[in-house]
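Visitor: I'd like to go through this one with you and hear what stands behind each label. Shall we bring it up?

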Amino acid sequence: MTRPDSPALEALADLIAVVARLRDPEAGCPWDLEQTHASLLPYVLEEAHEVADAIRHGDDRHLAEELGDLLLQVLLHAQIASEAGRFDLTQISRGLHDKLVRRHPHVFAAPETATATNRGLSGDSAAVKASWEAIKALEATAEPSRSPLSDRLAAKVRGQPALAAAMTISRKAAAAGFEWDSIEGVWEKVHEELDELKQAVASGDRVHAQEELGDVLFTLVNVARWCGLDPEAGLAGTNRRFLDRFSRVEAALGGALQGHSLPELEGLWQQAKAQIRADAAGSNPPT
């Protein structure tokens, strides 16, 4: 456990002071002083995605840097709210502290008050997760809802990227019984939605086409769930592979794609794919 006089807390205090200085009305940074919660929103999302990318790459140096950038966003939002007298980093930290203690009774309950159920959670991560959700539900103060699962899901996914939100919704709905009997039903739905997208695009109705595109993507997320795949990781991998191949095509053309025929570009694309496969085979020789 981190001690009050630990280097980590000293470093955090120094960082808090730097952020406060950046927002100082007299001696601060003009750009930082202009920022609001709303203007910083794109940076919060960007930094969160960059943290995820560093994790996928297994790059500790990059991960440490990106976590720092994400922490900066937390500190900036806390500073902005503090200046307006709404809340501050102390409230954020104490609120999170109390929530973690409250939702982990199997860890923090005093031995004399720990229930048999709480003691039984130790070593059972699935039971711990179920307990967390049950405690979270009890904390809700809203009026009883006629669509409690939908309401909880709407609150849960409102800050998630659309792809991650689709997976969350799909999993929760399936767990509640809203599910196909087999994956064949999911594939049928994929083809149905693709046909509807084609028809919408052909009609020239962009609003309808946009809706149908969303339906196709959502159904493909269900395919991923059935197959135990991660659509976010899959798409991120495709993005990386595309950029790797595309950069080789660009390099082969001296950085200029204009003026070259589609067959020529396709040929270079296939060469890039073959070279990447050969490089990968060379770095992982058979044993």
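Guide: Helices here are DSSP runs of H or I with at least four residues, strands are E runs of at least two, and both are numbered from the N terminus. Read that way along the sequence, the protein goes α-α-α-α-α-α-α-α-α-α-α-α-α-α. This is a predicted model, where local features need pLDDT of at least 70 and side-chain atom pairs count only at pLDDT 80 or more, while totals for chains, interfaces and linings use all residues. Residues are numbered from 1 along each chain as its sequence is written, and side-chain values use heavy atoms, with hydrogens and water left out.

Visitor: What does the secondary structure come to, in helices and strands?

Guide: There are 14 helices and 0 strands.

Visitor: Why is glycine 185 called buried?

Guide: Buried means under 20% relative accessible area, exposed means over 50%, and partly exposed is in between (1.4 Å probe, protein chains only). Glycine 185 has 17% relative accessibility, so it counts as buried. Glycine 185 sits in helix H11, residues 183-203. Its C-alpha is 9.9 Å from that of valine 223, 38 residues apart along the chain.

Visitor: How much of the protein is buried?

Guide: Buried residues make up 21% of the 287 residues.

Visitor: What radius of gyration does the protein have, against a compact globule?

Guide: The radius is taken over C-alpha atoms, and the globule rule is 2.2 Å times the number of residues to the power 0.38. For 287 residues a compact globule would be near 19 Å, but the protein has 25 Å. Its C-alpha atoms fill a box of roughly 70 × 55 × 55 Å along the principal axes.
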